Amino acid sequence: MATVMPDAAGPLARRMGIEVHELSAERATGTMPVDGNTQPAGLLHGGASVVLAETLGSMAAVVHAGPGRTAVGIEVSATHHRAVREGHVTATATALHLGRSVASYEVEVADRAGRRVATVRLTCLVVSS
């Protein structure tokens, strides 16, 4: 498992309050507050869930890519299952495919009760850096 540097997730993740707790090519976990990441009705913004998921999946793909290579997202899709109004959400990115040129992840976003809030699929292209 890779060591998670505080600024490794980037400026958008910092702005949204994302914290990465676990990071390897096979799995990444992290949390994000609902407060500050809501849409006008006061619910967690679906785009915020996607940012959390893509942050974790992309970081895991970079670990998979290894030295001299990086990974860039090329496709993301999300299904939103449940509304959240408060607290934090936790996301777990699990590798579906770790190939030479493509890495794919399924990311489960859950509320503090462990109920699935969203399912996100991310595909990253592994390229030379």
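A salt bridge is a side-chain nitrogen of Lys or Arg within 4 Å of a carboxyl oxygen of Asp or Glu. E22 and R27 form one, with their closest N and O atoms 2.9 Å apart. The model is predicted, so local features need pLDDT of at least 70 and side-chain atom pairs count only at pLDDT 80 or more, while totals for chains, interfaces and linings use all residues. Residues are numbered from 1 along each chain as its sequence is written, and side-chain values use heavy atoms, with hydrogens and water left out.

**Overall fold**

- The protein chain has two helices and six strands. Helices (H or I, at least four residues) and strands (E, at least two) are DSSP runs, numbered from the N terminus.
- Along the sequence, the elements of the protein chain come in the pattern α-β-β-α-β-β-β-β.
- The radius of gyration of the protein chain is 14 Å, close to the 14 Å that the globule rule gives for 129 residues, so the chain is as compact as a globular protein of that length. This radius is taken over C-alpha atoms, and the globule rule is 2.2 Å times the number of residues to the power 0.38.
- Along the principal axes, the C-alpha atoms of the protein chain fill a box of roughly 45 × 25 × 25 Å.

**Burial, surface and contacts**

- Of the 129 residues of the protein chain, 40% count as buried. Buried means under 20% relative accessible area, exposed means over 50%, and partly exposed lies in between (1.4 Å probe, protein chains only).
- The protein chain exposes about 6,700 Å², and carbon and sulfur atoms supply 50% of that area. Accessible areas come from the Shrake-Rupley method with a 1.4 Å probe; for residues, only the protein chains shown count as cover.
- Take the contacts between residues at least 6 apart in sequence: 60% of them join residues at least 24 apart. Contact means heavy atoms within 4.5 Å.

- Helix 2 (residues 46-65) has 20 residues. From first C-alpha to last, helix 2 reaches 28 Å, close to the 28 Å expected at 1.5 Å a residue. The expected span is 1.5 Å times one less than the number of residues.
- G66 follows helix 2, and its phi is positive, near 80°.
- L56 lies in helix 2. L56 counts as buried because its relative accessibility is 0%.
- Leaving aside neighbours within four places in sequence, L56 is in contact with V20, A28, T29, G30, A91 and A93.
- L56 and T31 are 25 residues apart in sequence, and their C-alpha atoms are 9.8 Å apart in space.

- T29 lies in strand 2 (residues 27-33). T29 has a relative accessible area of 10%, so T29 is buried.
- Not counting residues up to four places away in sequence, T29 touches E19, V20, H21, E22, L56, A91 and T92.
- E108 sits in strand 5 (residues 102-110). E108 is partly exposed because its relative accessible area is 28%.
- With residues up to four places away in sequence left out, E108 touches T90, A91, T92, R116 and A118.
- E108 and T92 are 16 residues apart in sequence, yet 5.3 Å apart in space, C-alpha to C-alpha.

**Salt bridges**

- The count comes to four salt bridges.
- In the pair of E22 and R27, R27 is partly exposed, at a relative accessible area of 35%.
- R112 forms a salt bridge with E86, and their closest N and O atoms are 3.0 Å apart. This pair links distant parts of the chain, 26 residues apart. R112 is in the loop between strand 5 and strand 6 (116-128), and E86 is in the loop between strand 3 and strand 4 (88-98).
- R112 counts as exposed, at 63% relative accessibility. E86 counts as exposed too, at 51%.
- R115 and D111 meet in a salt bridge through their side chains (2.8 Å, N to O). R115 is partly exposed, with a relative accessible area of 42%, whereas D111 is buried, at 9%.

**A nonpolar surface patch**

- V72, I74 and L125 form a nonpolar patch on the surface. Together they have about 230 Å² of accessible area.
- Patches are made of residues with over 30% relative accessible area and no salt bridge. Like charges are joined within 9 Å, and nonpolar side chains (Val, Leu, Ile, Met, Phe, Trp, Tyr) within 5 Å.
- I74 lies in strand 3 (residues 69-80). I74 is exposed because its relative accessible area is 51%.
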